[in-house]
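This report describes one protein model, from its overall division to a few individual residues. Please keep the sequence and the model in view while reading.

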Amino acid sequence: MVSKPSSRDASVPVGSDMGDDPWLWWRDRMPVTNHWAYFDHAAVAPISLPAADALRSFADVAESHGDVHWMDWSNAVNRLRDLTSDLIHCDKEEVTLVPNTTTGINLVAEGLDWKPGDNMVVPEGEFPSNLYPWLNQQSRGVEIRIVPRREGHVEVADLMAQVDERTRLISVSWVGYASGFRVDLDHLVKEAHARGVLVFLDAIQGLGMYPLDMRTCDVDFVAADGHKWLLGPEGAGVAVIRKRHLNSLRCPTVGWKSVENAHLFSGSKFELREDSSRFEGGSLNQSGMIAFAASLEMFTAVSQRFGADAIGNRVLERAQRLRTMLTQAGAKLLFGPWDETPHASAITTFEVPGESPDDFRTRALDAGVVISCRGGGIRASVHVYNDDADLQRLADLVASSPAVSSSNPARS
């Protein structure tokens with residue numbers, strides 16, 4: 001008898017043991033808390049326990065049984081499409097699975113039928129993944145218009161000022177990776193569409209954390225992978241191509257999975273699938289996608305029970321509390337703070353007077369605290385499961401900085 005892949009009991013809903021405190025429930029599913037106060041979700045997050053369990057199960061079965069359960073894995077991968085559709089209220093057929101955000105951006109950058117003299121608009125200070133694919137279109141005669149930020153924030157009016165009759169698309173990060181500024185996406189999409197301009201959203205710093213309802217916020221394209229805020233492994237992500245654009249994008253790469261009747265290897269015809277899965281081409285990172293889906297189920301469980309705003313409200317409360325504690329400890333915020341919706345996020349970039357970001361990071365790691373150096377300072381990206389003790393550990397590190405302590409004897 002061949003054993004099947006282990007999986008959770010589908011008859012037991014995820015989160016049925018949540019109780020009235022979803023954040024303690026969530027923290028119990030983050031083993032990283034046994035070792036670190038972790039504030040680096042904007043870079044590479046620790047994977048959740050459900051994601052780790054899914055990876056272990058996949059490896060165990062693949063080791064013992066090869067591809068016997070390949071169809072079970074394929075069905076589990078497709079669960080990621082359902083969860084993404086539920087999360088942001090798009091059609092499941094609009095979801096394509098990608099290895100990373102960069103791939104999702106390139107699907108559009110390489111797929112649009114650019115004409116010489118066309119232009120697109122992008123803010124300055126974007127992560128390179130949301131810049132280089134567009135700059136690569138200059139060889140096709142496309143002008144790339146880079147709009148300055150105003151002390152870290154992106155003004156919709158500034159983006160619109162660069163739009164003319166040859167503008168095809170605006171591409172923005174939902175949340176700036178260094179500044180933490182969140183773009184007013186509803187306003188941007190309405191203004192762009194009123195001018196006949198498409199909108200691409202690099203959602204990697206916001207997907208899952210802040211509500212996105214694509215029934216009312218009609219953004220054209222979205223991409224994000226799951227290794228940051230969504231607590232999945234690297235190499236597994238999602239992109240959304242709205243149905244109305246499916247046949248206006250050329251598939252930059254095609255493979256056996258791009259066509260209808262893909263499993264008829266010797267008899268299939270070159271007829272592209274009538275949904276966004278046509279962009280997947282070949283075999284997927286099944287283990288990563290299954291693990292990503294397992295983690296994403298935590299997000300949907302909390303949202304379904306406590307409301308679509310619950311996760312966003314919690315993480316913004318955590319971030320605001322952290323900023324207060326950091327400034328009281330002697331830190332200086334480099335951007336913002338962006339404490340008001342829709343611009344608030346869970347990213348805080350600060351400096352500790354008299355101590356370099358690299359030196360602070362080294363000292364933080366020694367103390368069991370994980371942060372990044374970004375935007376010329378120290379970046380802390382807090383998650384919903386970070387408790388007050390985590391926040392205090394970071395604030396105490398700021399207060400114990402030699403320069404801060406010497407300038408304020410009360411902290412010595």
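## Terms and model

Helices are DSSP runs of H or I with at least four residues, strands are runs of E with at least two, and both are numbered from the N terminus. The structure discussed here is a predicted model.

## Two domains

The protein is divided into domain 1, residues 72-300, and domain 2, residues 309-399. The C-alpha centres of the two domains are 28 Å apart. Contact between them involves 21 residues of domain 1 and 21 residues of domain 2.

## The nonpolar cores

Which residues have the most contacts inside the largest nonpolar core? They are Trp26, Ile170, Leu188, Phe350 and Phe360, in a core of 107 residues. Helix α8, residues 286-306, gives the most to this core, contributing eleven residues. Both domains take part, since the core draws at least three residues from each of domain 1 and domain 2.

Trp26 illustrates how such contacts are made. Residues up to four places away in sequence being left out, Trp26 touches Leu231, Met298, Phe299, Val302, Ile311, His383, Val384 and Tyr385. A second, separate core has 24 residues, including Val98, Val108, Leu198 and Leu249.

## The seven-stranded sheet

Seven strands form an open sheet with mixed pairing, and their order is β2-β8-β7-β6-β5-β3-β4. The edges are β2 (95-98) and β4 (143-147), each of which pairs on one side only. On average, neighbouring strands of the sheet are turned by 20° against each other, with direction ignored.

Leu97 stands opposite Val238 in β8. Strand β5 pairs in the parallel sense with β3 (residues 119-123) over three bridges, and in the parallel sense with β6 over five bridges. Met120 stands opposite Leu169 in β5, while Val172 has Leu201 in β6 as its bridge partner.

Helix α7 spans residues 185-194, and its buried residues are Leu185, Leu188, Val189 and Ala192. Seen down the axis of α7, these buried residues fall within an arc of 95°, so they line one face of the helix. The face turned away from the buried side of α7 carries the exposed residues Lys190 and Ala194.

What covers the buried residues of α7? The cover includes α6 (156-160), β5 (167-173) and β6 (198-202). The helix α7 lies across β5 and β6, and runs at about 155° to β6. Just after α7, Gly196 takes a positive phi of about 75°.

## The loop between β4 and α6

His153 lies in the loop between β4 and α6, and counts as buried because its relative accessibility of 17% is below the 20% limit. With neighbours within four places in sequence set aside, His153 is in contact with Phe181 and Trp338. The C-alpha atoms of His153 and Val183 are separated by 8.0 Å, although the two residues are 30 places apart along the chain.

Glu151 also lies in the loop between β4 and α6. Glu151 has a relative accessible area of 73%, and is therefore exposed.

Most residues other than glycine have a negative phi, and most peptide bonds are trans. Glu151 is not a glycine, yet its phi is positive, near 50°. Leu231, likewise not a glycine, has a positive phi of about 65°. Leu231 lies in the loop between β7 (221-225) and β8, and counts as buried because its relative accessibility is 0%.

Which peptide bond is cis? The bond from Gly336 to Pro337 is cis, with omega near 10°. Pro337 lies in the loop between β9 (332-333) and β10 (347-351).

Key: Residues are numbered from 1 along each chain as its sequence is written. This is a predicted model: local features need pLDDT of at least 70, side-chain atom pairs count only at pLDDT 80 or more; totals for chains, interfaces and linings use all residues. Side-chain values use heavy atoms; hydrogens and water are left out. Buried means under 20% relative accessible area, exposed over 50%, partly exposed in between (1.4 Å probe, protein chains only). The arc is that of the directions from the helix axis to the C-beta atoms. Contact means heavy atoms within 4.5 Å. A nonpolar core is a set of buried Ala, Val, Leu, Ile, Met, Phe, Trp, Tyr and Cys residues joined through side-chain atoms within 4.5 Å. Domain bounds come from an automatic or database domain assignment. Two strands pair if DSSP finds at least two bridges between them. Axes are lines fitted to C-alpha atoms, for helices over the stretch in contact, and angles run from 0 to 180 degrees between N-to-C directions.
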